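Group the points by topic.

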Amino acid sequence: MRKIAGLLLFAGLVVGSSAEAKKNDKNNAKAKVAIDYLNSNFATYDKLQKTIWANPELGFLENNSSELLKQHLRENGFTIEEGVAGMPTAFVATYGSGKPVIGLLAEFDALPGLSQDTVPYRKPIIENAPGQGCGHNTFGVASSAAAVSISKWLTSNKKSGTIKVYGSPAEEGGAGKVYMVREGLFKDVDVVLDWHPSSRNAVTTNGGTAMVMVDYKFYGKPAHAAGNPGKDVRPSML
């Protein structure tokens, strides 16, 4: 796997662009503590993402991946609410108090059949085993990096504000965040930020795909359309 030069991209976007900060020396000085933290702790987060990559866990079964992030956030002063919304690997990590309340989504699930060695061609480590697709091993790690760097900024500048990291299981194929929304875990949040690995550094407010669950009920007489089509079968969907 290519060394992920953009591991802390999301964290940098959250705490603010250094180029933009240079327009205002005062703001730049305030942001420096967060930027310095990210620059000096790259190795920590690089190790975290590599550990998650090397131990891929499918959605809702991300026990080790979830525990790694919780432990890191706990060590940095976050309080952890575990097993939220009835999901053992889901959590909410909170730091600070007051407004604004900023939520960061942290995902860590692997996908079935994507086992892959660190080479630019198909080479499964274990054939048909799970693997990290489109940077899933970096999702929760970079969100945690962003959260910790913001917490350093809040403390250094004596600002009010609350950071919440949402450990979200089954990012792809399981809709873990649906259950978190149903549980009301986002009701007090002013903004929720997510990110995705990409080939460019940018912020977007575009919509994305979502999982929609639909239940169908069919009413009518049982019949086989080819073998016994004469029966009066008029199914309706509700």
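What share of the contacts in the protein with a separation of 6 or more comes from residues 24 or more positions apart? Such residues account for 68% of those contacts, where contact means heavy atoms within 4.5 Å. This is a predicted model, in which local features need pLDDT of at least 70 and side-chain atom pairs count only at pLDDT 80 or more, while totals for chains, interfaces and linings use all residues. Residues are numbered from 1 along each chain as its sequence is written, and side-chain values use heavy atoms, with hydrogens and water left out.

**Overall make-up**

- The protein has seven helices and five strands, which follow one another along the sequence as α-α-α-α-α-β-β-β-α-β-α-β; helices (H or I, at least four residues) and strands (E, at least two) are DSSP runs, numbered from the N terminus.
- Of the 238 residues, 39% are buried, where buried means under 20% relative accessible area, exposed over 50%, and partly exposed in between (1.4 Å probe, protein chains only).
- The protein exposes about 13800 Å², of which carbon and sulfur atoms supply 54%; these areas come from the Shrake-Rupley method with a 1.4 Å probe, and for residues only the protein chains shown count as cover.

**The sheet**

- Five strands form an open sheet with mixed pairing, in the order E1-E2-E4-E3-E5, and two strands pair if DSSP finds at least two bridges between them.
- The edge strands, each pairing on one side only, are E1 (79-82) and E5 (191-193).
- E1 and E2 (residues 91-97) run antiparallel and are joined by four bridges, with Val-92 of E2 as the bridge partner of Glu-81.
- E2 and E4 also pair in the antiparallel sense, over seven bridges, and Gly-96 stands opposite Thr-162 in E4.
- E3 and E4, by contrast, run parallel and are joined by seven bridges, with Gly-103 opposite Lys-164 in E4.
- E4 is mostly covered, since eight of its eight residues are buried: Gly-161, Ile-163, Val-165 and Gly-167 point one way, whereas Thr-162, Lys-164, Tyr-166 and Ser-168 point the other way.

**Helices against the sheet**

- Helix H6 (residues 136-157) lies across E2, E3 (101-107) and E4, running at about 155 degrees to E3; axes are lines fitted to C-alpha atoms, for helices over the stretch in contact, and angles run from 0 to 180 degrees between N-to-C directions.
- The 13 residues of helix H5 (residues 63-75) should span 18 Å at 1.5 Å a residue, which agrees with the 18 Å between its end C-alpha atoms; the expected span is 1.5 Å times one less than the number of residues.
- The buried residues of H5 are Ser-65, Ser-66, Leu-69, Lys-70, His-72 and Leu-73, and they lie on the same side of the helix because they cover an arc of only 165 degrees around the axis, taken from the directions from the helix axis to the C-beta atoms.
- The face of H5 turned away from this buried side carries the exposed residues Asn-64 and Glu-75.

**The loop after H5**

- H5 is followed by Gly-77, whose phi is positive, near 90 degrees, and Phe-78 lies in the loop between H5 and E1.
- Phe-78 is buried, with a relative accessible area of 3%, and, leaving aside residues up to four places away in sequence, the residues touched by Phe-78 include Leu-73, Tyr-95, Val-148 and Ile-163.
- The C-alpha atoms of Phe-78 and Val-148 are separated by 8.6 Å, although these residues are 70 apart along the chain.
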